[in-house]
Amino acid sequence: MTPRTATLIGLTAILMWSLLSVMTVATGKIPAFQLAAMTFAIGGLVGLLTWIGRREAANSLRQPLVVWVVGVGGLFGYHALYFLALRFAPPAEAGLLNYLWPLLIVLFSSFLPGERLFLHHIIGAVLGLVGTVLLFAGNSSGFAPGAVPGLVAAFIAAFVWASYSVLSRRLKTVPTDAVAGFCLATAALAALMHAALETTVWPETTLQWLSVVALGIGPVGAAFYSWDIGMKRGDIRVLGAASYATPLLSTGFLIAAGFAKASANIAIAAILIAGGGLIAAKDMVLRKR
């Protein structure tokens, strides 16, 4: 697999994650950790199904402790912190702090062996950050002192996800099949958190059940396998900058579904984020054939 192909596969994760919000809304009022447990269990099953006919795939679970700490710590740690952020802090501010992770991925990538950070990567990431700030600015509602723990959680979550993504590159010899194990372990931990903190609420309609299944197959399933391939074999700097498209695309899908309204902020943010992504991906887009 060429780096270009791996990068394109990684970009599909960004597209799938952009559907996360609208799909989550469609699941109804299922508590956060319960939804995480259900969808990560489905996501893990998606990975296990790809093992059919490949007996050696099960060996991917035989990994050193550090690999499991990075894998499960990244998936569960990030989502637990983000759910905590949404519980205590205003969604707009929490989302803005959380979306520091694309910029952090671009910056952290400079510490990887064989990787170099050029000016156009930094410009692209910063333009994406500015566009994301503008995207959330129109929804700002301020925050009370009690929101500080949530904001801190969102900030730490950004570092957790960026670290998980970049460390995946350092662990590139670990097969992507192992992500199935990480998803199932995350589902188990989320179930424990649900049992301790939440009251179970099951989906009430067929649409809600289908939305849960779709979440598990796509944004909380296939997306993590695609992202793992992109991080390990693709252009990590391009993927980091392109990740700023996630909140923009997510907002677009919410508008299309009638859950949000279009605005001038969104239009300008679209130009900044798309432009930043193209600048960061200059080497890949303009590569001579």
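Visitor: Is Phe-159 buried, exposed or partly exposed?

Guide: Buried means under 20% relative accessible area, exposed means over 50%, and partly exposed lies in between, using a 1.4 Å probe and protein chains only. Phe-159 has 31% relative accessibility, so Phe-159 counts as partly exposed. Please keep in mind that this is a predicted model, in which local features need pLDDT of at least 70, side-chain atom pairs count only at pLDDT 80 or more, and totals for chains, interfaces and linings use all residues. Residues are numbered from 1 along each chain as its sequence is written, and side-chain values use heavy atoms, with hydrogens and water left out.

Visitor: How many aromatic pairs are there?

Guide: Rings of Phe, Tyr and Trp (its six-membered ring) pair if their centres lie within 6.5 Å; planes under 30 degrees apart count as stacked, over 60 as edge-to-face, and the rest as tilted. By this rule the count is 16 aromatic pairs. Phe-108 and Phe-159 form a tilted pair, with 6.2 Å centre to centre and 50° between the planes. This pair links distant parts of the chain, 51 residues apart: Phe-108 is in helix α6 (residues 101–108) and Phe-159 is in helix α8. Phe-108, at 21% relative accessibility, counts as partly exposed.

Visitor: How are the helices defined, and how many does the protein chain have?

Guide: Helices (H or I, at least four residues) and strands (E, at least two) are DSSP runs, numbered from the N terminus. The protein chain has 14 helices and zero strands.

Visitor: Which residues of α6 are buried?

Guide: Six of the eight residues in α6 are buried, and the helix is mostly covered. They are Trp-101, Pro-102, Leu-103, Leu-104, Ile-105 and Val-106.

Visitor: What do the serines of α8 do with their side chains?

Guide: Here we need polar contacts: pairs of N or O atoms within 3.5 Å, where within protein one must be able to donate a hydrogen and the other to accept it, and residues adjacent in sequence count only if both atoms are side-chain atoms. Ser-165 lies in helix α8 and, at 0% relative accessibility, counts as buried. Its side chain reaches the backbone oxygen of Trp-161 at 2.9 Å. The side chain of Ser-165 also makes a polar contact with the side chain of Trp-227, at 3.0 Å. Ser-168 is in helix α8 too, which covers residues 148–170. Ser-168 is buried, with a relative accessible area of 4%, and its side chain reaches the backbone oxygen of Tyr-164 at 2.8 Å.

Visitor: Which residues does Ser-168 touch elsewhere in the sequence?

Guide: Contact means heavy atoms within 4.5 Å. Not counting residues up to four places away in sequence, Ser-168 touches Asp-228, Met-231 and Lys-232. With that same exclusion, Ser-165 touches Ile-105, Trp-227, Met-231 and Ile-236.

Visitor: What is a nonpolar core, and how many residues does the largest one have?

Guide: In soluble globular proteins, nonpolar side chains tend to be buried together. A nonpolar core is a set of buried Ala, Val, Leu, Ile, Met, Phe, Trp, Tyr and Cys residues joined through side-chain atoms within 4.5 Å. The largest has 53 residues, and those with the most contacts inside it include Trp-17, Phe-40 and Trp-161. Helices that each supply at least two residues of this core include α1 (3–17), α3 (32–49) and α10 (206–233). Trp-17 touches residues including Trp-101, Trp-161, Phe-224 and Trp-227, not counting residues up to four places away in sequence.

Visitor: What is the span of helix α12?

Guide: The expected span of a helix is 1.5 Å times one less than its number of residues. For the 12 residues of α12 (residues 245–256) that should be 16 Å, and the end C-alpha atoms are 16 Å apart, which agrees. After α12 comes Gly-258, whose phi is positive, near 85°.

Visitor: Where is confidence lowest, and where is it highest?

Guide: pLDDT is the predictor's confidence in each residue, from 0 to 100. The protein chain has a mean pLDDT of 83, and 87% of its residues reach 70 or more. Confidence is lowest in helix α14 (residues 282–285), at a mean of 60, and highest in helix α9 (residues 178–197), at 95. Where pLDDT is low, the predicted coordinates should not be read in detail.
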